[in-house]
Amino acid sequence: MIEKAIEIYKKMFLIRQFEMILEDYFTKGLLRGTTHSCIGQEAVAVSILDYIDIERDFVTSTHRGHGHFLAITGDVFALASEVMGKRTGVVSGLGGSQHLQHKNFYTNGITGGMIPIGVGIAFAKKLKGEEGIVISFLGDGAMNEGYVMEALNMAKVYDVPIIFVLENNCYAMSSITRNLSGGEFGDRVRSFGLRYVYEEAIDVLNLWQKFGEIYREVLINRSPVFIECRTYRFCGHSKSDKREYVLEEEEDFWREHDPLLLLREKILRNIELDELERQERYVKQGIVDAFKNAEQEEELGVEEFSSKYISA
Amino acid sequence: MRRIINHFAEMKYIEALRETIKSLLEADKDIYLIGEDIIDPYGGAFKVTKGLSSIFPGRLIPTPMSEQGFTGLAIGMAIAGLKPVVEIMFSDFLTLTVDQIVNHATKFYSMYAQPLPIVIRTPSGGFRGYGATHSQSMESLFFGIPGLHIIAPNIFSNPGEDLKYALDLNRPVLFIENKTDYTQDLILGDTIDSFININRENRHTLLSIADEDSNILLISYGGISKIAAQIQKQLYLKEEIAVDVVLIRDLWPCDFLEEGDLDKYRYVVSLEEGWMDFGWGAGILQKIRDRFVNLKTKAIGARNCFIPSPRDLEFYVLPGYARVYNEILEFLR
């Protein structure tokens, strides 16, 4: 168990460090465009995605997809290249932060838009009699998009092997989600006849275990499950967000319950601080190097771009 | 040369579509039909799929009234290796699918280089008194979107062949059918009334007056192609004016300009059923003017107004035969 705990911790640490270094690059004006970091939400990504096989299962993600991508691939160089627009990026640098595609992993920049698509992929698996399932992430803001509700209905009607993972970080951009949402999300989901599970993304190992049970259940039973995961982002919605809207008591609670630090404390009961710090330095150095290496790469040239991508 | 299959010779447009879908379902187990009310006994609002769910159980997927949702569903199915053919009951309802088509399907196809065989079929157009939200030619919303292919068949070739072509493109295709065409007999021979020649060598169809060399071109597409052909015939019989008619089936992207030799024309008229300002005609005529300078052009289409239900008013707003005939005559004078 301690080995697993360290493995999960290192993935979380990698994601958080990546996002912090990325935000630092933005602050220094070294990057164009925008980004949506997931600092604080790492626990959800690393626990559910620990089970999947990306050659067999599909994962649909969101505008806030770095954590999901890194939990699956660990490829910091490809992601750093992508946000820098370099040809070594996940989609040759053409997509940027929000538009990633790697094997069976897809993100897009439209809130909730991937949810009907996730249901469609799961439906295809059912129709073809294929193994594997779909994990579809969404945020709390997406729960108020019409086609997300349409997709939940279809998931039930067509009875497809999908796990919806709602990462409820309390805020839809700057809006306090519960102020703009009628009723409880759980009631909405259950009203479609879907199985609904609620978890708090605080104790990562507990979350990892629960996700494992649900993953195996859907893998065998082939019916949809909806998990709402209460989580929190310590960063802004996007790079320019100063977080003027956060509720103090919410912030205090999550600062005291940062799942990354709680897991770190747990691990330190089993291994020496020096040893853990050594491993952390190693992970961090890897990210720093990846960013530096990505900086050296080139963007796709106009000639190659136009010959490959411009048709009409 | 596109092969004209004989047994389609005595066939209606709707039957050709249905027969093609039937043979596609038989030949390719990855093809699924998705849409509202498409299964028996109802068989679709316009009955295109009538009878098919009984022959192919499980291959026609009835959907809730969730056009955004099931368009996304179909995109997901295509990502996972199936070939969904979606029916949007009226083209007016395409408005609900725009986000999934524009922000999802076309982006995956073009940005992620994802093969995405998905065809979205929909009946377009008016002249039937259905009123403002069931009569529009909504394809105009989609012209110019990179990564999307828009096809509109007409009755002068087999729409089933166009549907097969659409599926083989392996990319998102909007397939614009026309309500007034469903009951029409297809015209698949090489001539009309023995004096109009039909040439289908390309993805567009050329109707030309036999033994006449015309310097006037009328370009059109879809359901209103019928009116274009009628006008061509009457202009020749009544006014002795020979007009070439080109019926374009690939509306976007349009390779007609690359293939077509327009040097001989002095007048080009576009005719569409949709709103003419900033419409298909405006776009294609601009491209033509950019390449061929000594041309006079005119776009004809619907007036800038919602489509009213009463017959006379609907025919006032939409480009009906009489108005188009007069406008073209006036333009040529």
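A residue is called buried if 20 or more other C-beta atoms lie within 10 Å of its own, exposed if 12 or fewer do, and partly exposed in between, with C-beta atoms placed from the backbone. The structure is a predicted model, in which local features need pLDDT of at least 70 and side-chain atom pairs count only at pLDDT 80 or more, whereas totals for chains, interfaces and linings use all residues. Residues are numbered from 1 along each chain as its sequence is written, and chains are lettered from A and ligands numbered from 1 in the order in which they are written.

Helices (H or I, at least four residues) and strands (E, at least two) are DSSP runs numbered from the N terminus. Strand β11 of chain B covers residues 244-248 and is mostly covered, with 5 of its 5 residues buried. Two strands are taken as paired if DSSP finds at least two bridges between them. Strand β9 (residues 204-209) of chain B runs antiparallel to β11(B) and is joined to it by 4 bridges; B:H204 has B:I248 as its bridge partner in β11(B). Strand β10 (residues 216-220) of chain B pairs with β11(B) in the parallel sense, also over 4 bridges. In β11(B), B:D244 is the bridge partner of B:L217, and B:L247 is that of B:S220. From β10(B) the chain passes through helix α6 (residues 225-239) of chain B to β11(B) in a right-handed β-α-β crossover. A crossover is right-handed if, with the strands pointing away from the viewer, the path from the first strand over the helix to the second runs clockwise.

An open sheet of chain B with mixed pairing contains 7 strands in the order β7-β8-β9-β11-β10-β13-β14. Strands β7 (191-192) and β14 (296-302) of chain B stand at its edges with a single partner strand each, so one side of each has no neighbour in the sheet.

Strand β3 (residues 83-87) of chain B is largely enclosed by the rest of the structure, because 5 of its 5 residues are buried. B:K83, B:V85 and B:E87 point one way from β3(B), while B:P84 and B:V86 point the other way. In a regular strand the side chains alternate between the two faces of the sheet. Strand β1 (residues 31-35) of chain B pairs with β3(B) in the parallel sense over 5 bridges, and the partner of B:L33 in β3(B) is B:V85. Strand β4 (residues 118-124) of chain B runs parallel to β3(B) and is joined to it by 3 bridges; the partner of B:V86 in β4(B) is B:I120. The chain crosses from β3(B) through α4(B) to β4(B), and this β-α-β crossover is right-handed.

Chain B is divided into domain 1 (10-181) and domain 2 (191-332), with bounds that come from an automatic or database domain assignment. The C-alpha centres of domain 1 of chain B and domain 2 of chain B lie 26 Å apart. Residues are in contact if their C-beta atoms, placed from the backbone, lie within 7 Å. Contacts link 29 residues of domain 1 of chain B with 25 residues of domain 2 of chain B. On the side of domain 1 of chain B that touches domain 2 of chain B, β5 (149-151) and β6 (172-178) of chain B each supply at least two residues, and the largest share, 3 residues, comes from β5(B). By class, this side of domain 1 of chain B has 11 nonpolar, 15 polar and 3 charged residues. Ala, Val, Leu, Ile, Met, Phe, Trp, Tyr, Cys and Pro count as nonpolar, Asp, Glu, Lys and Arg as charged, and the others, Gly among them, as polar.

Between the chains, 26 residues of chain B are in contact with 29 residues of chain A. Helices α3 (67-79) and α4 (98-110) of chain B each supply at least two residues of the side of chain B that touches chain A, and the largest share, 10 residues, comes from α3(B). The residues of this side of chain B comprise 14 nonpolar, 10 polar and 2 charged.

Definitions and conventions: Two residues are in contact if their C-beta atoms, placed from the backbone, lie within 7 Å.
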